[in-house]
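Dear colleague,

I am passing on the structure that we spoke about, and my notes follow it. Please read them with the model open beside you.

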Amino acid sequence: MPNIEGNYIPKKGTQIAIIASRFNEFVVGRLIEGAIDCLKRHGVDEKNIVVHRVPGSFEIPVAAKKVARSGDYHAVICLGAVIRGDTPHFEFVSAEVSKGIANVALETGTPVIYGVLTTDTIEQAIERSGTKAGNRGFTAALDALEMINVMTKISEVGRD
Ligand code: INI
């Protein structure tokens, strides 16, 4: 029984959209850098990476949906940082962005990657945006490359 699994090797001309919130810019800016660094180092042409900025994580799904529906991109990488404060706002924003991104992926069939940090503290967010716990932007970009490849392979099964 053959296994189907993706690699991280993009085809020439691979087009990637990044949707990133401005809220918590000091964290999200590092996530964007990590994602672009990963994509370029795996062979994606920088001119084929388009960064779209939205106000906060709550706005990511609607922008991701429009971009995914355009058919112009092979994957959409969503980047944001929702950091718990003293109000229930954290719960609402984090629930909506995660449900929203999942819905966009399912509705459009496009790989839409969840690279939104949801942390209790600013320190945890900093740790996950390029310091001691890695950079979630970089790994979200890896997830995008893998999903593009595996979705292509799934489409190709049985065609020859
Ligand atoms: N947006 C975030 O991306 N992260 C947060 O931590 C956050 N908090 O905690 O308030 C946040 N709020 C803004 C929200 O995403 C919307 O932009 C705003 O409510 C307008 O719809």
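**What was found**

Strand E1 (residues 16-21) is largely enclosed by the rest of the structure, because 6 of its 6 residues are buried, where buried means under 20% relative accessible area, exposed means over 50% and partly exposed lies in between (1.4 Å probe, protein chains only). Helices (H or I, at least four residues) and strands (E, at least two) are DSSP runs, numbered from the N terminus. This is a predicted model, in which local features need pLDDT of at least 70 and side-chain atom pairs count only at pLDDT 80 or more, while totals for chains, interfaces and linings use all residues. Residues are numbered from 1 along each chain as its sequence is written, and side-chain values use heavy atoms, with hydrogens and water left out.

Both faces of E1 are covered, with Ile16, Ile18 and Ala20 buried on one side and Ala17, Ile19 and Ser21 buried on the other. E1 pairs with strand E2 (residues 49-54) in the parallel sense over 6 bridges, pairing being called when DSSP finds at least two bridges between two strands, and Ala17 stands opposite Val50 in E2. E1 is also joined to strand E3 (residues 75-83) by 5 bridges, again in parallel, and here Ala20 stands opposite Leu79.

In the loop between E1 and helix H1 lies Asn24, which is buried with a relative accessible area of 17% and has a positive phi, near 55°, although it is not a glycine. Most residues other than glycine have a negative phi.

In helix H2 (residues 60-70), the buried residues are Ile60, Pro61, Ala63, Ala64, Val67 and Ala68. Seen down the axis of H2, these fall within an arc of 160°, so they line one face of the helix; the arc is that of the directions from the helix axis to the C-beta atoms. They pack against E1, E2, E3, helix H3 (89-108) and strand E4 (112-119), contact meaning heavy atoms within 4.5 Å, whereas Val62, Lys66 and Arg69 on the other side of H2 are exposed.

The largest nonpolar core has 26 residues, of which Ile16, Ile18, Leu39, Ile77 and Leu79 touch the most other members; such a core is a set of buried Ala, Val, Leu, Ile, Met, Phe, Trp, Tyr and Cys residues joined through side-chain atoms within 4.5 Å. Its largest share, 7 residues, comes from H1.

With best wishes
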